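My notes are below, in the order I looked things up.

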Amino acid sequence: MDFRHTMKGRRALSAVAITTGLLLTVAGCGGGGDNDSGKGSASSSTPAKPSSGGNATQSKAPESDPPLAEVKGENGLVLTVTSAKRDTGDFVTVEGTVTNNTGTIWVAAEWRGDESELARNGGSIAGASLIDQKGKKKYLILRDTSGRCLCTQFTGGVRAGASAQWFAQFPAPPAGVTDVDFQVGGMPPASIKISEGE
């Protein structure tokens, strides 16, 4: 009899433990009450998904802004400027892409400039400049204390048919100056407009 009572007791304890565990799980998964202060559950802040019916529309990726400028070199190189922003700290960051349609690997040899820091800036866009035609001023890419440009280095070059992103940072022209020309290597100048950074 002791054995039978012991088994019944163990079964009752097991049932109570399982029931308690299930109740705690359900309580933990439930949404918070109305008195939560800004810490709603993940489900409350997730937008509702459309039903899987035939009329559901898929969200489209946001369209990218058109480039500020695009110029083509005589050998099939295409330079695109996608943004030019005046940042805090009195400098301008210019960004874009270069597409290599030359049929061979491109190493940016004529884009590195002709300054004394060539060894540190080989295969880069270090020779680029911003030209303020009205103010008759030319702005060169900023350098760090070691003489390296604050710009992209095309390590290993750009393969034929491939594109690479680049950036370059310049001293900022005076606040009223927004229209400048971006010039690098033998590429035609690209007329761009500087916008205010966020």
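These entries go from the whole chain to single residues.

**Ground rules.** I am working with a predicted model, where local features need pLDDT of at least 70, side-chain atom pairs count only at pLDDT 80 or more, and totals for chains, interfaces and linings use all residues. Residues are numbered from 1 along each chain as its sequence is written, and side-chain values use heavy atoms, with hydrogens and water left out.

**Whole chain.** I looked up the secondary structure and found three helices and nine strands. Helices here are DSSP runs of H or I with at least four residues, strands are runs of E with at least two, and numbering starts from the N terminus. I wrote the order down as α-α-β-β-β-α-β-β-β-β-β-β. The chain has 198 residues, and 29% of them count as buried. Buried means under 20% relative accessible area, exposed over 50%, and partly exposed in between, with a 1.4 Å probe and protein chains only. I then checked the contacts (heavy atoms within 4.5 Å). Among those with a separation of 6 or more, 59% join residues 24 or more positions apart.

**Salt bridges.** I searched for a side-chain nitrogen of Lys or Arg within 4 Å of a carboxyl oxygen of Asp or Glu. The search gave two salt bridges. One joins R86 and E196, at 3.3 Å from N to O. R86 is buried at 11%, while E196 is exposed at 56%. K193 and D179 also form a salt bridge, with their closest N and O atoms 2.8 Å apart. K193 belongs to strand β8 (residues 190-193) and D179 to strand β7 (residues 179-183), so this pair ties together parts 14 residues apart in sequence. Both ends are partly exposed: K193 has 48% and D179 has 46%.

Most residues other than glycine have a negative phi. A108 lies in the loop between β3 (91-100) and α3 (118-121). Its relative accessible area is 1%, so A108 is buried. K136 also has a positive phi, near 55 degrees. I found K136 in the loop between β4 and β5 (137-140). K136 is exposed, at 74%.

**A residue in β4.** Is S129 buried or exposed? I found S129 buried, at 2% relative accessibility. S129 lies in strand β4 (residues 129-132). Leaving out residues up to four places away in sequence, S129 touches K138, Y139, L140, F170, D181, F182 and Q183.
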